[in-house]
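Hi,

Here is the structure I promised to pass on.

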Amino acid sequence: MLDQQDNILLNWLFSGSCETYQHLNCVLYRYRESDYLNNLQAHLSYRCRVIFSVECSTEIESWLSSIPTNAHIAKLDRQNDLLGFELAAQVANDQWIASFPTNIAAEIVLIQQPLARLNQPGLLVMDMDSTAIEIECIDELALMAGVGEEVAAVTASAMRGELDFEQSLRQRVSKLAGADAAIIQQLCDTLPLMSGLEAMLAELKTHQWKLVVASGGFTPFVCHLKTLLNLDAAFANELVIIDGKLSGEVTGDVVDAQYKANVVNQCAEQWSIASGQRVAIGDGANDIAMIQAADLGLAFHAKPKLIAAADASIQHVDLRALVFCLQL
């Protein structure tokens, strides 16, 4: 719960009845989220969204109280424990972004395009490693197989731009040759889901969204997630196993950046997803094509290249923030 004494402005926003709030710097006019599309967007073209954990309410209260110009504000009601609101104004105000507190569990997201509608069917395509789950499966398999340092060296080479994704994948997988295939099931049994994943997916499911994982990782792990989370589809690379041992090879088409982008388009066509309702989220450079293929591309705790390519970035809170980046 918000602190009733210290967070007067936020308590007005989230539970008060008065339509306006006036303080020394400005007047805030409250509206309902749905009113923006219905009545306000023609007059208030600049808007941003703030998403935060209740533990950060004092910092958010202080920032909101410092806004120097009149603005319109709407609380964002979602089915999780994060809090959110939208600010809208007639003209851009970069000070809102520049003065936002850093290093707390809070995000400010500048809305620069029409948002996908949360309460209409849509498509979400997720990366797996370091997005849907907290680990990189290839690194964990390498550690279990006793070749962690060798695989890490190939990864470092790829990050320096010396290898493309397919080269990097094949070289890393080759280091696993001879490893007992039982390590795959061992890792499946302990996959750590990314914080906020289940709450985010549960809310999307209530609105008939299609949920997909597209990963440069491996099929046993995406299939495990598909079953565990009741996803609609999953795509990844297939490891070759011979006589209970990893051969050090993958078979079939490699799920690279373009393949992941194709997943967005093909799944949207398969399920007749309306224009504007395709969302993708990832963390690495291999996700750039995928998020650019989507109508809304989100970078999650991501590398700088992906942040630069994304429509919006989630850096300080968990996956529950995704639904606050959609429109009711």
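Which exposed residues sit on the face of H11 turned away from its buried side? They are Gln-266, Glu-269 and Gln-270, where exposed means over 50% relative accessible area, buried under 20% and partly exposed in between, with a 1.4 Å probe and protein chains only.

Before going further, some housekeeping. This is a predicted model, with local features needing pLDDT of at least 70 and side-chain atom pairs counted only at pLDDT 80 or more, while totals for chains, interfaces and linings use all residues. Residues are numbered from 1 along each chain as its sequence is written, and side-chain values use heavy atoms, with hydrogens and water left out.

H11 has 14 residues and reaches 20 Å from its first C-alpha to its last, close to the 20 Å expected (1.5 Å times one less than the number of residues). Its buried residues are Lys-260, Ala-261, Val-263, Val-264, Cys-267 and Ala-268. They lie on the same side of H11 because they cover an arc of only 145° around the axis, taken from the directions from the helix axis to the C-beta atoms. Among the elements covering them are strands S7 (123–126) and S8 (210–218) and helix H12 (288–293), with contact meaning heavy atoms within 4.5 Å.

Volumes are the space filled by probe spheres set on the points, which are joined across faces, edges and corners.

The second largest pocket holds about 330 Å³. Of its 18 lining residues, the closest to the centre are Glu-107, Ile-108, Val-109, Leu-110 and Ser-313. Strand S6 (106–111) and strand S13 (312–314) each give two or more residues to this lining, and S6 gives the most, with 5.

The whole structure has 1 cavity of 30 Å³ or more. The largest cavity holds about 70 Å³, and its lining includes Val-109, Leu-110, Leu-296 and Cys-325. S6 gives the most here too, with 3 residues.

Cheers

How values were computed
On a 1 Å grid over the protein atoms alone, a cavity is a set of points where a 1.4 Å probe fits but cannot get out, and a pocket is an open set with protein on both sides within 12 Å along at least five of seven lines; lining residues have an atom within 4 Å of a point. Helices (H or I, at least four residues) and strands (E, at least two) are DSSP runs, numbered from the N terminus.
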